[in-house]
Amino acid sequence: MKKKSSIVKLSIIGVVLIIGLIFSFVPMQFGLKDFNSFSGNIKLGLDLKGGIYAEYVAIDDDTEDIDARMDGTVTSIQSLLVNKGYSEAVVMRQGTSGIRVEVPDVDNPSDILEILGEPAELEFRLKEDGSVILTGDDVQSATAVYYNSEYAVQLKLNSEGKVKFGQATTQHEGETIDTYVIYGGDDEQLISSATINEAITGGEALISGNFTQETAEDLANQIMSGTFGVTLQLQKCEPISATLGEGAIKFGLIAGIIGLVLVMVFMCFNYRLFGAVASISLMLYTVMMLFLLSVVPIVQLTLPGIAGILLSIGMAIDGNVIIYERIKDEYANGKAFRSAVHYGYRKSIGAILDGNITTIIAAIILYIFGSGSVQGFALTLFIGIALAMFSSLVVTRGIMNYIIAIGGENEKLYNLKRNKNFEHLSASETDEAVQAQMNEDARLKREKKAMKLKKNKAKKVTVEVAEGGEE
């Protein structure tokens with residue numbers, strides 16, 4: 001790689017990094033539009049920023065299976081809030097008939113009321129006789145969608161609703177279905193009418209009717225509220241303060257910056273130019289991490305989430321340390337500088353992938369089976385580990401190639417040292433015995449690849465002969 005080309009590419013990376021750091025931490029204004037920084041756009045949880053809480057009470061006269069219906073309502077509210085991007089929301093029962101909802105990073109108490117919505121009952125009726133073929137109890141989820149150049153509400157039916165809707169549309173093909181939304185038990189509104197052209201057995205239905213995005217989302221919320229197992233009445237809705245205090249974010253950010261600086265100083269001291277590569281890679285990793293945390297809608301940062309980020313930063317540095325230590329071993333044991341870099345990377349990939357993939361699997365399991373803060377930790381850990389792998393295996397390697405092209409093969413610049421048996425070799429020389437072993441390894445690899453190709457060709461010919469015999 002040419003030195004001049006490497007300088008240009010490294011300069012471009014430096015400019016991109018500086019711009020990324022500015023966008024990550026500095027809010028600015030473009031004309032009449034304010035731009036918040038990546039870090040400023042990250043949604044925070046109750047422990048870091050506070051939010052609001054609402055207390056509801058069930059007002060059903062029917063007490064049959066009240067515990068099961070209350071538990072089902074708690075689950076439904078939790079799912080509704082998570083789908084709206086509030087993954088850190090906490091929903092819990094209070095006594096026998098109360099439910100408390102805590103939603104972080106919401107300043108206006110009315111926002112929580114809009115999220116949960118005014119409960120609305122849904123009915124699909126046949127126009128000819130007015131018989132009800134489907135209700136909100138048969139709905140599993142309701143989502144606002146953009147379909148055929150207009151906003152609509154897409155319904156996903158539960159197993160019972162799927163069967164009922166499939167039977168009704170099969171038996172009444174050619175007839176008209178009216179969709180009604182009923183507010184407060186008696187105020188009903190016709191939303192849409194549609195002709196049954198064919199049987200609908202897929203378990204999904206679409207409500208259309210001159211919606212805007214806002215009205216479609218409101219109706220979806222109201223339908224989901226109408227599927228609660230009990231009728232809820234709002235008792236109280238007030239803001240709550242951050243449990244860790246207003247200074248927690250500031251001091252946490254200061255601690256994180258100090259930690260990153262100390263890590264970069266350690267890497268530069270221990271690995272010289274390789275450490276500088278790791279430091280640049282780590283800063284790029286930080287920019288990418290802040291960007292993803294600010295744009296991924298389901299991320300809501302809490303103290304456990306910060307722990308996930310710090311753990312993933314450690315994994316990112318760990319990947320670089322594994323690579324550099326392997327390079328040092330290869331160089332110390334007789335390989336030329338560039339061969340040591342090549343083999344050091346190649347032999348490190350397996351260890352890095354194993355460590356990171358197992359952690360990703362653990363994060364996925366935590367997210368699936370956990371809730372609240374556990375999910376927040378799992379999500380930030382997953383994002384961080386995925387970026388750590390990309391940073392170690394792609395970003396670091398690219399920057400290292402440019403640095404080597406500029407800095408040359410002076411072992412002192414990389415804090416490399418030969419073992420006593422190979423001290424007579426220059427940085428560009430490889431020991432004869434080591435070179436012979438490298439050649440033998442390369443020969444065996446080529447033979448193995450050739451055997452595999454030959455085997456695949458033979459298998460392909462066998463398949464073609466078998467197909468010809470069948471004809």
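Predicted model: local features only at pLDDT ≥ 70, side-chain atom pairs only at ≥ 80, totals over all residues.
**Exercise 1.** Determine the order and pairing sense of the four strands in the open sheet, and explain why one side of E4 and of E13 is left without a neighbour.

*Solution.* Begin with the order, which reads E4-E5-E3-E13, with antiparallel pairing. Next, consider the edges: strand E4 (90-94) and strand E13 (232-240) stand there, and each has a single partner strand, so one side of each lacks a neighbour in the sheet. Finally, the twist from one strand to the next averages 20°.

**Exercise 2.** State how many bridges join E3 and E13, and identify the residue of E13 that stands opposite Tyr56.

*Solution.* Strand E3 spans residues 51-58 and pairs with E13 over eight bridges, in the antiparallel sense. The residue in E13 opposite Tyr56 is Leu234.

**Exercise 3.** Identify the strands across which helix H4 lies, and give its angle to E4.

*Solution.* Helix H4, formed by residues 66-83, lies across E3, E4, strand E5 (98-104) and E13. Relative to E4, helix H4 runs at about 160°.

**Exercise 4.** Characterise the largest pocket by volume, by the origin of its lining and by residue class.

*Solution.* The volume comes first: the largest pocket holds about 1,000 Å³ of space. Its lining comprises 35 residues, of which Gly252, Leu253, Gly256, Ile257 and Leu290 are the closest to the centre. The elements giving two or more residues to this lining are helices H1 (3-25), H2 (38-41), H8 (247-271), H9 (273-295) and H10 (303-332). H8 supplies the largest share, 12 residues. By class, the lining contains 28 nonpolar and seven polar residues, and no charged residues.

Notes: Residues numbered from 1 in each chain as written. Heavy atoms only, no water. Pairing = 2+ DSSP bridges. Axes fitted to C-alpha atoms, helices over the stretch in contact; angles between N-to-C directions. Contact = heavy atoms within 4.5 Å. 1 Å grid on protein atoms, 1.4 Å probe; cavity = no way out; pocket = protein on both sides within 12 Å on 5 of 7 lines; lining within 4 Å. Points joined across faces, edges and corners; volume = space filled by probe spheres on them. Nonpolar A, V, L, I, M, F, W, Y, C, P; charged D, E, K, R; others polar.
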